[in-house]
Each structure stands twice: as C-alpha cells, then as structure tokens.
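Please look at the model shown below before reading on.

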Amino acid sequence: MADLNLEEIRDTLISVAFEAGRKILAANPNDISTGTKLNSADIVTETDKAVEALVSSTLAKAYPDFAFMGEETFAPGQKISDQPTFVVDPIDGTTNFVHGFPSACISLGFAVGRVPTVGVVYNPFLDQLYTGIRGKGAYLTVGRVWGLENGAGRVSRLPLSSNPAPLAGLDSSLVAIEWGSDRSGSNYELKTDVFKKLAAAKDNNGGAMVHSLRSMGSAALNICAVAAGQLDVYWEGGCWAWDVCAGWVILAEAGGIMASGNPGDWQPAIDNRKYLAVRGAPSGQRELVQELWDVVGQGAMEYES
C-alpha cells in the first residue's frame, strides 16, 4: 500500500462522486423507469445502472490495474480479493431516490487486502460529502457544490463534536436499523424481534428502552451519521460490501468501531453482511457492543456472502 497514492485516489473518487451526483439530481423520480430484483422492495432504476457505468468506466481508465465490484454488475459468487478494489454502490438508498426522499447517496469505497482504505460518500440532495483515508482522518464537507465558503464548502473533521460523550448504554442511545428487502424467514424474524426488544421498556421482558430507532434508508449514510456522532450505533444484517466499504473507512477514522451484527465477532470481514457500527467515544464502545449482542441473544443472522 506504500506505493499507492491514497490522496489522489480519494480526490478521483470525489470528482466521480460529484459527476454522479449531477446525474442523480438530473433524474426526475416521477419519470424514472424502475425494475425489481428480489421483490417489490428491492428496486433498481435506469439511473443506478447509468451511474455505475459512469463510475466503472472512469475508474477503469484512471486505474486499469485495480479491480471493481459494483452493486449493479455484481456476479453471484464474486469475491473481493487482496487486490486493490473499488467497491461501489451507485445509489445507496434507491427506494428513497424513487420516492424523492432526500436520503440517498453514492458510496465509493476502495479496499486494499480486503481492508476498507479510502471512502467517499456523497449525498447530492443535501450536498454533503463524507471522506476518509485510513490513517488520515475523516471529514464532512457541506455546500462545496453549492459554492458555500467561496466554493470550498464548510469542512468539519469527524466526529462533529471535539469532545464526544462517553457511551452510557443502550438506554441513552439513538440506534439505526433497516428493514431491508428480504422480509420473510428466520433473518426477518430475528431482526424484527431485536427491533422490538431495543424499543421496549425495561420492564417489558427485558427491553433495552433505547432513546429511539431510526431508519434512514441508506446503510452508507447510517454509518456516516454514526461516524459524525449523530447516531450512537447502527445494527444491520443483509447489506453488502458496497453498502459499507466507504462508510467503514469514515467510521474508523472518526474513532468508531465496526463489529459483527452477530454476537462474538469483533473483526468482521468486509463482506460479512452482518455489521454493528458504534460511534467514537472515550469509553463504553465495547460495553455497548456487548449489550446489543445480549439483546440479539443466541440467534444468528444467516446471509450468504
């Protein structure tokens, strides 16, 4: 990795993100042609495919020796190797995009040795750009495309607080969850059971009584919100490497940690498909992970990677 210019790669990904953002904003949700993959909640649009084509062609020209994995061109059985690999979701939050709800982004990750190394996540609707390089910190830039701050945007290092509060437990946490598109079977039953336990009062069969649950509709934006310190924790099962690779870099560089969504695994693989992101804090991270694992109990989410 020493011979890789990670700053140059980040800057290339930022340029690609802004170009993709313009394409996303140019699409009228009311005129978008949509299709489905798994079911009616697993939506793909012509814009997803066009953005991925733009990203893959641009990156292939700039870095012809690097591998590429994208959601819309993913082949069953395709694996992320140790080779430098771009891991891309052209629109994370497609359902939001189709409905005109402004919580969607392009997620551009770069992994080396299967380790998330560079991350760029851009929400063009709010002109919010999250960036991170392993060992170099993570940042949020707001309003760069809109021309704020003389065109530089308002740049904040993550987390947004210079003095993050300790994590005191689930009962003082704002927790992100997602329903996903696979809404039947044992995984769905486990997930909804955990959702109920997280929200329930402590005198209701041992509920966690979290402050509340949030579903932003985008794994990448959920992770970035955890990195920013706006969410305390995000528990997920069923999403893919392209949903989390970029955000994972940003989370780690903001002092956060990523464990598995299933109990017992402190070092999940990039394509584990079960994730638990916890914000940066001076204390309480491992305790919060263990507390949420206790809520999950003996169950285990099973997703093929």
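Predicted model: local features only at pLDDT ≥ 70, side-chain atom pairs only at ≥ 80, totals over all residues.

Residues are numbered from 1 along each chain as its sequence is written, and side-chain values use heavy atoms, with hydrogens and water left out.

**The sheet**

Seven strands make up an open sheet of mixed pairing, in the order S3-S4-S5-S6-S7-S8-S9. Its edge strands, each pairing on one side only, are S3 (67–70) and S9, and the twist from one strand to the next averages 15 degrees. Helix H1 packs on this sheet, where it touches S4, S5, S6 and S7, and its direction makes about 30 degrees with that of S6. Helix H2, in turn, lies across S3, S4 and S5 and runs at about 155 degrees to S4. Helices (H or I, at least four residues) and strands (E, at least two) are DSSP runs, numbered from the N terminus; two strands pair if DSSP finds at least two bridges between them.

| Hairpin | Residues between the strands | Residue with positive phi |
|---|---|---|
| S6 and S7 | four residues | aspartate 127, near 50 degrees |
| S7 and S8 | three residues | glycine 135, near 85 degrees |

S6 and S7 pair in the antiparallel sense over six bridges, and valine 121 has tyrosine 130 of S7 as its bridge partner. Six bridges also join S7 to S8 (residues 137–142), again running antiparallel, with valine 142 of S8 as the bridge partner of glutamine 128.

**The cores**

A nonpolar core is a set of buried Ala, Val, Leu, Ile, Met, Phe, Trp, Tyr and Cys residues joined through side-chain atoms within 4.5 Å. The largest one has 31 residues, and those with the most contacts inside it include Ile9, Val55 and Phe110. Among the elements that give two or more residues to this core are H1 (6–26), H2 (46–62) and S7 (128–133), and the largest share, nine residues, comes from H1. A second, separate core of 29 residues includes Val121, Ala176, Ala220 and Met258.

Phenylalanine 195 is found in helix H4 (residues 185–199) and is buried, with a relative accessible area of 5%. Not counting residues up to four places away in sequence, phenylalanine 195 touches Ile177, Glu178, Trp179, Leu213 and Trp235, where contact means heavy atoms within 4.5 Å.

Serine 173 is found in the loop between S9 (154–157) and S10 (174–176), and at 2% relative accessibility serine 173 counts as buried. A polar atom of its side chain lies 2.8 Å from the backbone oxygen of glycine 169. Leaving aside neighbours within four places in sequence, serine 173 is in contact with Val210, His211, Ser212, Asp232 and Leu288.

Note on methods:
Buried < 20%, exposed > 50% of the residue type's maximum accessible area, 1.4 Å probe, protein only. Polar contact = N/O pair within 3.5 Å; in protein donor to acceptor, adjacent residues only side chain to side chain. Axes fitted to C-alpha atoms, helices over the stretch in contact; angles between N-to-C directions.
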